[in-house]
Amino acid sequence: MKVRLKFTKIGHMKFLGHLDLQRLFQRCIRRADLPIEYSKGFNPHQHLYFALPLPLGATSEGEYLDMNLTSGVEPQEIKNSLNAFLPEGITVQDVYILSNDSLVGMAAVDAAEYRISIDKETVPSNFMDAVNNFFNQKEILAEKRGKKGIKEISIKEMIYKYTLDENDKQWMIYLVLAAGSKANLKPETVIEQLYKNNGWEYKDYRIHIHRINIFSRINNEFLPLSD
Amino acid sequence: MTTLRVKDDLLLQVEKPARYIGNEVNSVKKDINKIDIRFAFCFPDVYEVGMSHLGMQILYYYLNQREDTYCERVFAPWLDMEQKMRDNNIPLFALESQEDVKNFDFLGFTLQYEMCYTNVINLIDLAGIPIWSKDRNEEDPIICAGGPCAYNPEPLAHFVDFFYIGEGEATLGEVFDIYKKHKKEGGSRREFLEKLLDVEGIYVPCFYDVHYKADGTIESFIPNHPRAKSKIHKQIVKDLDKTYYPTHAIMPWIQTVHDRVVLEVFRGCIRGCRFCHAGIVYRPVREKSKEVLMKQASLLLKNTGYEEISLASLSTSDYSELEKFSEELLEVCRESKINISLPSLRIDEFSLDLMGKVQEVRKSSLTFAPEAGTQRLRDVINKGINEEDILSGSRRAFEGGWDRVKLYFMIGLPTETEEDIEGIADLASKIVDVFYEIPKENRAKAVKVVVSSSCFVPKPFTPFQWEPQNTYQEFMDKQYFLKGKIKRKQIQYNYHDAIVSSLEGMIARGDRKVGDVLYAAWKSGCRFDGWSEHFDFEKWEQAFKDTGINPAFYANRRRAYDEILPWDHISVGVTKAFLKREHEKAMKGEVTPNCRQHCENCGAKRFNGGICYES
């Protein structure tokens, strides 16, 4: 039985890296005694398929993890038994049963939505104009650090949507970006380039990235992985 | 959600911020308003190292069993975090409550290795507590320390208010009972320390005076308080089956050195290798029954979700029920897909068979620890392993599919000659020969023999406690000599710069004066000295110069049997007379049978338990 878990990673859990999160889930799944499928061989390990790694420091209300179970368990039971062992900040919100031919893990991912919060006092007062100008460029080039050094890439076509919102203290940029194995754009790459183009000093610890949801593209429509 | 002591933006600027957030799965949460005693268990190394330490996990749960006590954890912040803390005036805090340890009742340090001593000083300073015991006042926490290095407490005697000598589960609770009553009744810090003089196993350094002779050796070591004991006896638990053992383990947020269930099979070691500190100070051997082990194993696996279990002891092969126990454990682990890790096995037919079952396909590497290259020197150190054992073990292993052998040796053992060092190369070469004697179809294609040498550090409470350590130059010359003798391409030789071992040798047998060097080294910036990338010998050299202390006096000098040693007021059970006997036998190359073969009356019988009373 293929199942998909939707979970949160909020609060102090933002300090947990992706590998640490994987280990945490492996151990909680064991404690919850779920009939998870193990790899064959002499050192069996669990097959866990995370949709998209979240960078350390970011929070999320829409993370997904797929796995195979060797026998049927009620979604509600999976949720309750895992939540009994998961730490504060990581909560399974829903469990969905997938059809056997569903894509799992990153293969199912096409886009992700983010909210990037920036304290107003850390940026100049022309922030709104600068943001609009940046996203309305005909072409947006960004520097990407790869194995072969820094190269310039065009990112405009990987930004599916942007909106800007504000409250008393913060600017909030909402982004829907290409994600997954085909094309992947990290929100920090976009924001860093925004800062660079405007000559502002970029420090990753001054912005806060929050992932809202992860999507699949089905018939040219973005649907959350939970659908 | 607990408010973190360090703000998010600072945490995001340091490596592995999860080191500092606490609240791990299986950590203990308590209502601080219902607590009488707040205890900060300090491991003077980084999170990943400290979290791997079994003793800390045992004592953490043991102390937290008490409703009146909250034991929280403290690790040494990594250098990047220390800098942030100092820049932002954030004092040392405990992981659980995230509150400053300055307001705790106790800071308790576990001393696992000498090279963490500058971290001990650094943690006290980061907490905002005066470093020197004498400078602390009524508001400051009491600073105590225990663990294997506490058996020679003198190098830290000026910084620590009291030492606990022995196993914490034994009688540490008594100290807490006295403290609780003392706190209720009201009384000074000094009065509390005086009350501790009536407790067995507690050493309060300020109630003892040391006088030195002109040559620097100790003239006298005498109590300056009428109730201070002249001998402080190690405290131990007699029956491990009936002793507290945790059913949980705190699940570290990040990967640690030993990220698995650790099951202690027995304490102590029957072997009596003459260089080995642990082999003496953990005497007598006390085993757990197979039934208790199986119960503890299944509870720990159930309550952690770990996918691996490791058996811990000084020499797992010597566990008397190993065959039956390993069968049962294998059965359970196979069913639930748990890996077993088996360190410290002696290589024989049984253990090879067992390892084969445990590792199945990963027959990668096999480890022997002959420690010395010739039988003569192995007899001197009482390492009960001979060349035939090693060669036949290797042959069996090669026939069983292994293609890699690791060999551990020590350089600088007492009485060592060039012949002994050359013997290391010869032994490695013979193992390669054994491999090629086996018909091709019955062995792997190629073989690798990895020889590693470490530098011998004479330790207190061993038969070699009177021996001079090799100098740095001698160590390096010997290692180069060995390097020149190893010529076959199948043999790889690993060795290290001897400088850390030289320093360790000086601190391990240090007296109170050594505290000044530790302080000076810390003051000049030394921390994490056990981490080669942070070890800065120039700073240590300067510290010796500034304090006028000669490292050779401690490391490279032969002591006379009648010299008062800095740790003579501590008793680990094993008598000085036995150690002297063993030293004399070592010089004659005579071996001593192990505890199970014959009792040599080492003194450990005084504890009324363990192997000394097995029929």
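This is a predicted model: local features need pLDDT of at least 70, side-chain atom pairs count only at pLDDT 80 or more; totals for chains, interfaces and linings use all residues.
What volume does the largest cavity have? The largest cavity has a volume of about 160 Å³.

Residues are numbered from 1 along each chain as its sequence is written, chains are lettered from A and ligands numbered from 1 in the order in which they are written, and side-chain values use heavy atoms, with hydrogens and water left out.

Let me turn to the cavities. A cavity is a set of points, on a 1 Å grid over the protein atoms alone, where a 1.4 Å probe fits but cannot get out; lining residues have an atom within 4 Å of a point. Grid points are joined across faces, edges and corners, and a volume is the space filled by probe spheres set on the points. The structure holds eight cavities of 30 Å³ or more. The largest is lined by 18 residues, and the closest to its centre are Leu54(B), Gln57(B), Ala249(B), Arg260(B) and Val262(B). In chain B, α3 (54–64) and β10 (261–264) each supply at least two residues of this lining; such helices (H or I, at least four residues) and strands (E, at least two) are DSSP runs, numbered from the N terminus. The lining divides into eleven nonpolar, six polar and one charged residue. Here Ala, Val, Leu, Ile, Met, Phe, Trp, Tyr, Cys and Pro count as nonpolar, Asp, Glu, Lys and Arg as charged, and the others, Gly among them, as polar.

The second largest cavity, of about 120 Å³, has residues of both chains in its lining, including Arg27(A), Cys28(A), Trp253(B) and Thr304(B). Helix α1 (residues 18–32) of chain A gives the most to this lining, with six residues. By class, the lining has six nonpolar, one polar and four charged residues.

On the chain B side, α1 (8–11) and α9 (290–304) each supply at least two of the residues that touch chain A. That side has 14 nonpolar, ten polar and eight charged residues. Overall, 32 residues of chain B are in contact (heavy atoms within 4.5 Å) with 22 residues of chain A.

Next comes the second largest pocket, a pocket being an open set with protein on both sides within 12 Å along at least five of seven lines. About 670 Å³ of space lies in it. Of its 20 lining residues, the closest to the centre are Ser453(B), Ser454(B), Cys455(B), His496(B) and Ser501(B). In chain B, β16 (404–411), β17 (448–455) and α16 (499–508) each supply at least two residues of the lining.

Finally, two points of backbone geometry. The peptide bond from Arg283(B) to Pro284(B) is cis, with omega near -5°, and Pro284(B) is found in the loop between α8 (277–281) and β12 (286–287) of chain B. In chain A, Asn219(A) has phi near 50°, a positive value in a residue other than glycine.
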